[in-house]
Amino acid sequence: MDPDAVARAFVEHYYTTFDANRAGLANLYQEGSMLTFEGQKIQGSQNIVAKLTSLPFQQCQHNITTVDCQPSGAGGMLVFVSGTLQLAGEQHALKFSQLFVRRHVFIFSLENY
């Protein structure tokens, strides 16, 4: 399968889930996963989801501008995402970027996304 298609499917699934139900992201992280958010390092699925669900906004909409990916060692993938984040009640969108390091690439069924 095309790595770009896998990356796009992952990104679509991740941000759709983030926008609708951040707690639903737990199965995308493992206990060895790490999130760095504004300088704070958070490790483990439960801790990462706790951080994401504690962000000071309840409703948001991600608008993805770019999804760039490249293979990394042992079947992994680096996925760089940039775009805007529109918070409910706010006039101006915030710019964001995020880098995912996928150690083991799993195939998404593109029919489901």
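Before we start, one term: two residues are in contact when they have heavy atoms within 4.5 Å of each other. Keep that in mind, please, and hello everyone. What we have on the screen is a predicted model.

Let's begin with helix 2, which covers residues 45-53 and has Ser45, Ile48, Val49 and Leu52 as its buried residues. How do these sit when we look down the helix axis? They fall within an arc of 95 degrees, so these buried residues line one face of helix 2.

Take Ile48, in helix 2. Its relative accessible area is 0%, and since buried means under 20%, Ile48 is buried. Setting aside neighbours within four places in sequence, Ile48 is in contact with Tyr29, Ser33, Met34, Leu35 and Ile42. For Leu35, we also have a spacing: Ile48 and Leu35 are 13 residues apart in sequence, with their C-alpha atoms 6.5 Å apart in space.

Then there is Leu52. Again leaving out neighbours within four places in sequence, its contacts are Tyr14, Phe18, Arg22, Leu25, Tyr29 and Leu35.

Leu52 brings us to the core. The largest nonpolar core has 25 residues, and those with the most contacts inside it are Tyr14, Phe18, Leu52 and Val79. Which elements give two or more residues to this core? They are helix 1, helix 2, strand 3 (60-72), strand 4 and strand 5 (94-102). Helix 1 gives the most, with 7 residues. As general background, nonpolar side chains in soluble globular proteins tend to be buried together.

While we are on helix 1, let me point out His13, which is found there. With a relative accessible area of 19%, His13 is buried; the cut-off for that word is under 20%. His13 and Leu85 are 72 residues apart along the chain, and their C-alpha atoms are separated by 16 Å.

Leu55 sits in the loop between helix 2 and strand 3. Is Leu55 buried or exposed? At 8% relative accessibility, Leu55 counts as buried. Beyond its neighbours within four places in sequence, Leu55 is in contact with Phe18, Arg22 and Phe37. From Leu55 to Leu35 there are 20 residues in sequence and 14 Å in space, C-alpha to C-alpha.

For contrast, please turn to Glu38, in the loop between strand 1 and strand 2. Glu38 counts as exposed, because its relative accessibility is 76% and exposed means over 50%. The backbone is worth a glance too: phi of Glu38 is near 50 degrees, a positive value in a residue other than glycine. In general, most residues other than glycine have a negative phi.

Over to the strands. Ser82 is found in strand 4, residues 76-87. At 17% relative accessibility, Ser82 counts as buried. Its side chain has a polar contact of 2.4 Å with the side chain of Thr66. Apart from neighbours within four places in sequence, Ser82 is in contact with Asn63, Ile64, Thr65, Thr66, Phe96 and Ser97.

My last stop is the largest pocket, which has a volume of about 890 Å³. It is lined by 33 residues, of which Tyr14, Tyr29, Leu35, Gln98 and Phe100 lie nearest its centre. Helix 1, strand 1, strand 4 and strand 5 each supply at least two residues of the pocket lining. Which element supplies the largest share? That is strand 5, with 9 residues.

Note on methods
Residues are numbered from 1 along each chain as its sequence is written. This is a predicted model: local features need pLDDT of at least 70, side-chain atom pairs count only at pLDDT 80 or more; totals for chains, interfaces and linings use all residues. Side-chain values use heavy atoms; hydrogens and water are left out. Buried means under 20% relative accessible area, exposed over 50%, partly exposed in between (1.4 Å probe, protein chains only). Helices (H or I, at least four residues) and strands (E, at least two) are DSSP runs, numbered from the N terminus. The arc is that of the directions from the helix axis to the C-beta atoms. A polar contact is a pair of N or O atoms within 3.5 Å; within protein, one must be able to donate a hydrogen and the other to accept it, and residues adjacent in sequence count only if both atoms are side-chain atoms. A nonpolar core is a set of buried Ala, Val, Leu, Ile, Met, Phe, Trp, Tyr and Cys residues joined through side-chain atoms within 4.5 Å. On a 1 Å grid over the protein atoms alone, a cavity is a set of points where a 1.4 Å probe fits but cannot get out, and a pocket is an open set with protein on both sides within 12 Å along at least five of seven lines; lining residues have an atom within 4 Å of a point. Grid points are joined across faces, edges and corners, and a volume is the space filled by probe spheres set on the points.
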